[in-house]
Amino acid sequence: MTIRPLPPVVVNQIAAGEVVERPASVVKEVVENALDAGATHIEVLVEGGGVDLMEVIDDGCGIPRAELPLAIASHATSKVSALDDLEHIATMGFRGEALASIGAVARLEVRSRVRAEDAGGVIVVDHGAVEAAQPAACPPGTRVKITNLFGRVPARRKFLKSAQAETTRIRRVVRDLAAANPGVGFRLASGGRTLLEFPAADATTRIHAILGKDASDQMFEVDLSRDGVSVWGLAGRPDLARPTAQHQILCLNGRPITDRSLRFAIREAYRGLIEPSRHPTAALFLGVPPSRVDVNVHPAKTEVRFRDDRLVFSVLKRGLEQALLQADIVPPLRMPAADSPRVGGTNRPLFGRGEQRASAGFVAEQAREAMTAAAPPPERVSVVDAARPAIQVHRMFLVTEDAEGMVIIDQHALHERVMFERLLERIESANLPSQRLLVPDLVDASADAMEALESLRPMLERLGFDVAPSGPGVLGIHAVPSLLAERGVEIGPFMTDLLDRAADLRAAADAETALRDVLDMMACKAAIKAGDSLTDRELADLLSMREKVERSSNCPHGRPTSLRLSIEELERRFGRR
Ligand code: ADP
Ligand code: MG
């Protein structure tokens, strides 16, 4: 075989694979160019999910007619001139590849006019074939029109989803860029229908516009900076969490990014406040000095690398945690408004749909149902006073009062939360007390689980476990945390659970996360259960601990520990208001 240089068109088509994955990536590049050009308003029009048409119109600085051929040439850029510039990139683009790549796989028309000039120009590239630039009449700014995307690259077209699915992706790209640039007006329309419209605004107004009115009532501000790294934004109360991460917007220095580790920082901050399968709603903006970030690690620049990722991670997590502590996160128990105050007359029983079965999941389920869009303004959680009267109901719930109304507590969830926090605090200073077994307990374990467990041993020792292989496929338990022994937890089943999860625990982001997971398990097993009756003393103890423990409004699994029925709501229901 003979080695030959590839023709430039082919080079660009190959390069295009990195930048131009799908219509949304085209929109992203072209809108980023408009932002770099200082546009104050950007309009995006699409047809057929972007395959038929994508048009981006901006009122930015424009491109001088003489430079049009350069704008669409590869590795030609007005933004970076030396390697050093990559150290402090402040523009969205810098690779000088986007327009060239797009022109290699579609018909691209760039029409532009610099404000100071009377006439503008237009240049066309169709799948790599460049036509000479022509003078053209146009308003100041740039209009980039892309048609027939992947028209001659059928293999790439095959990978596209339906027009609707591609439009959804485009919408998300525009939304995220709009979040990062609140001072710029945006409009996105598809098939003549306006999908997004954001007038220029301040950051808070923009986030509210993006996440919707319902969400904005339930968001609180995050604001922290440390060692040159800052985070600002709005985050949602735990009950705003959604099954997907779509309502999470993360930006770095004005650039929307996807970063697994930072997403994880967000989850960690909400740990215990939401269920693990749900994602917090948040729009968060990180500021990191450009010299400490490398944005040049991914062709689409959505992934970044930090010089000090631990610091960025912890500022984000800490900022959220602090804000969560300030916010009132006890979910209010709201009931649908009734025409008449006759509680029994509505088709919904007092606490919601269906029969009130005595199930432990009851509270969580009701909480989710009861949480409506309107929520009280975020104030500091009022504490339940242990001196106030409290009773146990159906050996499952504790009912007491606070300044705002009646508080209903899930006894298991609260005890679990209290225990978790106490254990966590204790283990910071010393290993947990351990109890030796006279005769080791033996449990079956797969080779994989055993191997995973081996790497978790130092952590398990801190918790008070002493375990060691006891022949092939058998694990010997020689000592257990005193807490589990005292609370009568059966150690065999506990260990089996732990072995099932050993591989996941080993894969956890860090030792701290794995430790917290095992503490969760211990707290859950050792906590009082639904059905356990409590003496007055135990009840009072539990309530007094509630105040001392951070976040006692949610158990470690993210179910709420308490709900509040406000006096206002009660008065309304009884026709007093
Ligand atoms: P990059 O953005 O990495 O520089 P592009 O291929 O996206 O590379 O764009 C090449 C050049 O074309 C830019 O550097 C810029 O000078 C010019 N350009 C592209 N789009 C616009 C626009 N909307 N307004 C003004 N100039 C633009
Ligand atoms: Mg660009």
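Modeller: Start with Phe285. Phe285 is buried, because its relative accessibility is 16%. Here buried means under 20% relative accessible area, exposed means over 50%, and partly exposed is in between, with a 1.4 Å probe and protein chains only. The model is predicted, so local features need pLDDT of at least 70 and side-chain atom pairs count only at pLDDT 80 or more, while totals for chains, interfaces and linings use all residues. Residues are numbered from 1 along each chain as its sequence is written, chains are lettered from A and ligands numbered from 1 in the order in which they are written, and side-chain values use heavy atoms, with hydrogens and water left out.

Now the partner. A pair of aromatic rings is described by the distance of the centres and the angle of the planes. The structure holds three aromatic pairs. One of them joins Trp232 and Phe285, with 6.0 Å centre to centre and 35 degrees between the planes, and that pair is tilted. Trp232 lies in strand S11 (residues 229-236) and Phe285 in strand S14 (residues 282-287), so this contact ties together parts that are 53 residues apart in sequence. The ring rule applies to Phe, Tyr and Trp, with the six-membered ring of Trp: centres lie within 6.5 Å, planes under 30 degrees apart count as stacked, over 60 as edge-to-face, and the rest as tilted. Helices and strands are DSSP runs, numbered from the N terminus: H or I of at least four residues, and E of at least two. Trp232 is partly exposed, because its relative accessibility is 22%.

Another tilted pair is Phe264 with Phe313, at 6.3 Å centre to centre and 35 degrees between the planes. It links distant parts of the chain: Phe264 is in helix H9 (residues 260-269) and Phe313 in helix H10 (residues 309-326), 49 residues apart. Phe264 is partly exposed, because its relative accessible area is 24%. Phe313 is buried, because its value is 9%. Phe313 also has a charge over its ring. The charged end of Arg310 sits there, 5.5 Å from the ring centre. That label needs NZ of Lys or CZ of Arg within 6 Å of the ring centre and within 35 degrees of the ring normal.

Next, ligand 1. It is surrounded by 19 residues, and the closest are Asn33, Thr77, Ser78, Lys79 and Gly96. A residue is near a molecule or strand if one of its heavy atoms lies within 4 Å of it. The shell divides into eight nonpolar, seven polar and four charged residues. Ala, Val, Leu, Ile, Met, Phe, Trp, Tyr, Cys and Pro count as nonpolar, Asp, Glu, Lys and Arg as charged, and the others, Gly among them, as polar.

The side chain of Asn33 has an N or O atom 2.8 Å from an oxygen atom of ligand 1. Asp58 places a polar side-chain atom 2.8 Å from a nitrogen atom of ligand 1. Gly96 uses a backbone N or O atom, 2.7 Å from an oxygen atom of ligand 1. The protein covers 93% of the 530 Å² of accessible area that ligand 1 has on its own. Helix H2 (23-36) and helix H4 (98-105) are the elements that give two or more residues to this shell. A polar contact is a pair of N or O atoms within 3.5 Å; within protein, one must be able to donate a hydrogen and the other to accept it, and residues adjacent in sequence count only if both atoms are side-chain atoms. Accessible areas come from the Shrake-Rupley method with a 1.4 Å probe, and for residues only the protein chains shown count as cover.

Check two backbone angles. His127 has a positive phi, near 45 degrees, and is not a glycine. His127 lies in the loop between strand S4 (120-126) and strand S5 (129-130). It is buried, with a relative accessible area of 6%. His394 also has a positive phi, about 50 degrees, without being a glycine. The loop of His394 runs between strand S17 (391-393) and strand S18 (397-402). His394 is exposed, at 66% relative accessibility.

Last, Ser482 in helix H14 (residues 482-486). Ser482 is buried at 9%. Its side chain reaches the backbone nitrogen of Ser434 at 3.4 Å.
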